[in-house]
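Load the model in your viewer and keep the selection panel at hand. The stops below go from the whole chain to single residues.

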Amino acid sequence: MHSFRYAPICAFLLVGLMAGGHTAAAQTQPGPWVEMESMSVNVGLGGQAGDGVLRLPNLATNCAYPFKVDGFGAGIHVGLSKVSASGPVANMTRVGDLNGDYGATEGQVAVLAGGGGMSMKNRTNNVMMNLKAETTGLDLGFGAKGMSIRLLDQPVNAPRAYVVTFGFNKTWVNKDSRAVLDQVIGGWKCRYANIWLFGHTDSIGKEDTNLELANKRADAVRDYLVGAGIVPTRVFTQPKTEDTQLVRTANSVRLRTNRAVVVVVQE
């Protein structure tokens, strides 16, 4: 595959996508979820450091980002051994939104021995966590006025446009195309981004037949991405007519460059 040679075409399609108002947001059902835990055998701590994981089933299967949490369990009483909490996260639009300092939505949160609940809000954005907490150990639980989450969110260096081509009158994803789509999956599977698939054909045959062929090619690419675990509601297909060939040719010209699906990532 020579995906880079089509960069100007893909950039044009991306601009057209944005200008055309096709801005469906990534779906959030089921939504993001956090799990966190801290340990202590000390007395009178002002807060604990622990570990957590952000899970994103709303994006794809097996999407998890580890993070560190400080101040979780502030106000610990005598001899507490473990504090754990888990629950849904609301209002996320990107992975890095989880970072920040959190405070209780109403005064100070108190969790008694055995379990309880708390609602925490990020002080720098609108992210909310509704947590179910549990304590195990020797004392009465903890109170928490706030905590800090640090998640290492690496910047995305993956391309935002890709091209996969097809054999004449073919709609199946071949080995070379799978290698390109694996790059899409590796870069964008666990990111807040939608994926648009524009199906194309060359100018051989009737236009209505070619439109159906373009649609089947886009569907084949979609099936591959969804089969890799990407949530189906993030992937959109759109067949293109002969009027929007990637490379303009006369009628009845067989050109592999035009037998393609252009993959455009929309953040």
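The tour starts with the whole chain, then takes in the cores, some salt bridges and a few loop residues.

Before selecting anything, note that this is a predicted model, in which local features need pLDDT of at least 70 and side-chain atom pairs count only at pLDDT 80 or more, while totals for chains, interfaces and linings use all residues. Residues are numbered from 1 along each chain as its sequence is written, and side-chain values use heavy atoms, with hydrogens and water left out.

**Whole chain**

Colour by secondary structure: the protein chain has three helices and 14 strands. Helices (H or I, at least four residues) and strands (E, at least two) are DSSP runs, numbered from the N terminus. Of the 267 residues, 45% count as buried; buried means under 20% relative accessible area, exposed over 50%, and partly exposed in between (1.4 Å probe, protein chains only). The accessible surface comes to about 12,900 Å², with 54% of it belonging to carbon and sulfur atoms. These areas come from the Shrake-Rupley method with a 1.4 Å probe; for residues, only the protein chains shown count as cover. Among contacts (heavy atoms within 4.5 Å) with a separation of 6 or more, 73% join residues 24 or more positions apart.

**Nonpolar cores**

Select Val-34, Met-36, Leu-54, Phe-67, Leu-98, Met-129 and Leu-131, the residues with the most contacts inside the largest nonpolar core, which has 28 residues. A nonpolar core is a set of buried Ala, Val, Leu, Ile, Met, Phe, Trp, Tyr and Cys residues joined through side-chain atoms within 4.5 Å. Elements giving two or more residues to this core include β1 (33-39), β4 (80-90) and β8 (128-137). Centre on Leu-131: not counting residues up to four places away in sequence, Leu-131 touches Val-34, Met-36, Met-118, Met-120 and Met-147, among others. Then move to a second, separate core of 22 residues, which includes Val-180, Ile-195, Ala-220 and Val-263.

**Salt bridges**

The whole structure holds eight salt bridges, each a side-chain nitrogen of Lys or Arg within 4 Å of a carboxyl oxygen of Asp or Glu. Select Arg-160 and Glu-267, whose closest N and O atoms are 2.6 Å apart. Arg-160 lies in the loop between β10 and β11 (161-165) and Glu-267 in the segment after β14 (260-266), so this pair ties together parts 107 residues apart in sequence. Arg-160 is partly exposed at 33%, and Glu-267 is exposed at 54%.

Next, pick Glu-212 and Lys-216, a salt bridge with closest N and O atoms 3.4 Å apart. Both lie in helix α3 (residues 207-227), four residues apart, about one turn of the helix. A further pair is Arg-94 with Asp-97, at 3.3 Å between the closest N and O atoms; Asp-97 counts as buried, with 9% relative accessibility.

**Loop residues**

Which residues does Pro-57 contact, leaving aside its neighbours within four places in sequence? They are Pro-30, Gly-31 and Val-231. Pro-57 sits in the loop between β2 (48-55) and β3.

Asn-62 is found in the loop between β2 and β3. Phi of Asn-62 is positive, near 60 degrees, in a residue other than glycine, and Asn-62 is exposed at 76%. Finish at Asn-169, in the loop between β11 and α2 (175-188), with a positive phi of about 65 degrees.
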